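Subject: Structure handover and what I found

Hello,

Here is the structure we talked about handing over. Please open it alongside this email. My notes follow below.

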Amino acid sequence: MTDYVATPQSTSNPSWRQRNRAIAKIFKISKKDSILDLGCGSKDLLNYCKPKKYIGIDYNDIADIKINFNNEFTIPKYNWDFIVCSGLIEYLNNASYFLDQIKNNSETYVITYKFKLTHIENENKLTHAQFKEVLIKHFEITKTIDLKTNSIFICKDLK
């Protein structure tokens, strides 16, 4: 698989802006909240909320921390109010490994997944239903919101 490199142009897609607006609105993210934005792209989420603490991680130069999520990685340890993973998992070689790395670091996880994956050239891509099966092995899904092209899964750690 070719590594995905987000750029400001690639993260200005109207459906992605819609998804970020929905995330900020649903959670009423405020100045007292902290967000770890995994797959932050151009940090578009910050156009819709102003959290107390924000770290954007992605495979581009705009990110606060630049990493390749298909390699071994660690996330900044903090008691995050929200870990947002939007528009990223579809590009990973191993969604299960990724979910293992992020769990037990937040009270609320916001994880999106696309309905149709025709634009992604990844032999390991999962269907929407397969991804949901992987997700419930790592998290409790408390709510699912379907947009035009994406599902937003609101999750918390398994007890």
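Which residues are exposed on the other side of α3? They are Glu133 and Lys137. One caution before the rest: this is a predicted model.

**Helix α3**

Helix α3 covers residues 128-138. Its buried residues are Phe131, Val134, Leu135 and His138. Viewed down the axis of α3, these buried residues stay within an arc of 100 degrees, so they line one face of the helix. An α-helix has 3.6 residues a turn, so residues three or four places apart point the same way. What do the buried residues of α3 pack against? Their partners are α2 (95-102), β5 (106-114), β6 (139-146) and β7 (150-157).

**The overall layout**

The protein chain has three helices and seven strands. Along the sequence they come in the pattern α-β-β-β-β-α-β-α-β-β. The protein chain is 159 residues long, and 50% of them count as buried. Take the contacts in the protein chain with a separation of 6 or more: 57% of them join residues 24 or more positions apart.

**The sheet**

The seven strands form an open sheet with mixed pairing. Its order is β3-β2-β1-β4-β5-β7-β6. Which strands stand at the edges? They are β3 and β6. Each has a single partner strand, so one side of each is left without a neighbour in the sheet.

Strand β2 (residues 53-58) runs parallel to β3, and two bridges join them. Within this pairing, Ile57 stands opposite Ile65 in β3.

Now move to β5. Strand β4 (residues 80-85) pairs with β5 in the parallel sense, over five bridges. Ile83 has Tyr109 in β5 as its bridge partner.

Is β5 enclosed or open to the outside, and why? Eight of its nine residues are buried, so β5 is largely enclosed by the rest of the structure.

**The aromatic cluster**

The whole structure holds nine aromatic pairs. In one of them, the rings of Phe69 and Phe73 have centres 5.4 Å apart and planes at 85 degrees, so this pair is edge-to-face. Phe69 is buried, at 5% relative accessibility. Phe73 is buried too, with a relative accessible area of 5%.

Phe69 also pairs with Phe98. Their ring centres are 5.7 Å apart and their planes are at 85 degrees, so this pair is edge-to-face as well. Where do the two residues sit? Phe69 lies in the loop between β3 (65-66) and β4, and Phe98 lies in helix α2. The pair therefore ties together parts that are 29 residues apart in sequence. Phe69 and Phe98 are both buried. With Phe73 and Tyr97, they form one aromatic cluster.

**A buried aspartate**

Look next at Asp33, in the loop between α1 (14-27) and β1 (34-38). Is Asp33 buried or exposed? Its relative accessible area is 8%, and buried means under 20%, so Asp33 is buried. What does Asp33 touch, leaving out residues up to four places away in sequence? The list is Lys28, Pro51, Lys52, Lys53, Asp81 and Phe82.

**Cysteines**

Cys85 counts as buried at 1% relative accessibility.

That is the handover.

Best wishes

Key. Residues numbered from 1 in each chain as written. Predicted model: local features only at pLDDT ≥ 70, side-chain atom pairs only at ≥ 80, totals over all residues. Heavy atoms only, no water. Buried < 20%, exposed > 50% of the residue type's maximum accessible area, 1.4 Å probe, protein only. Helix = DSSP H or I, 4+ residues; strand = E, 2+ residues; numbered from the N terminus. Arc of directions from axis to C-beta. Contact = heavy atoms within 4.5 Å. Pairing = 2+ DSSP bridges. Phe/Tyr/Trp six-rings, centres within 6.5 Å; stacked < 30°, edge-to-face > 60°.
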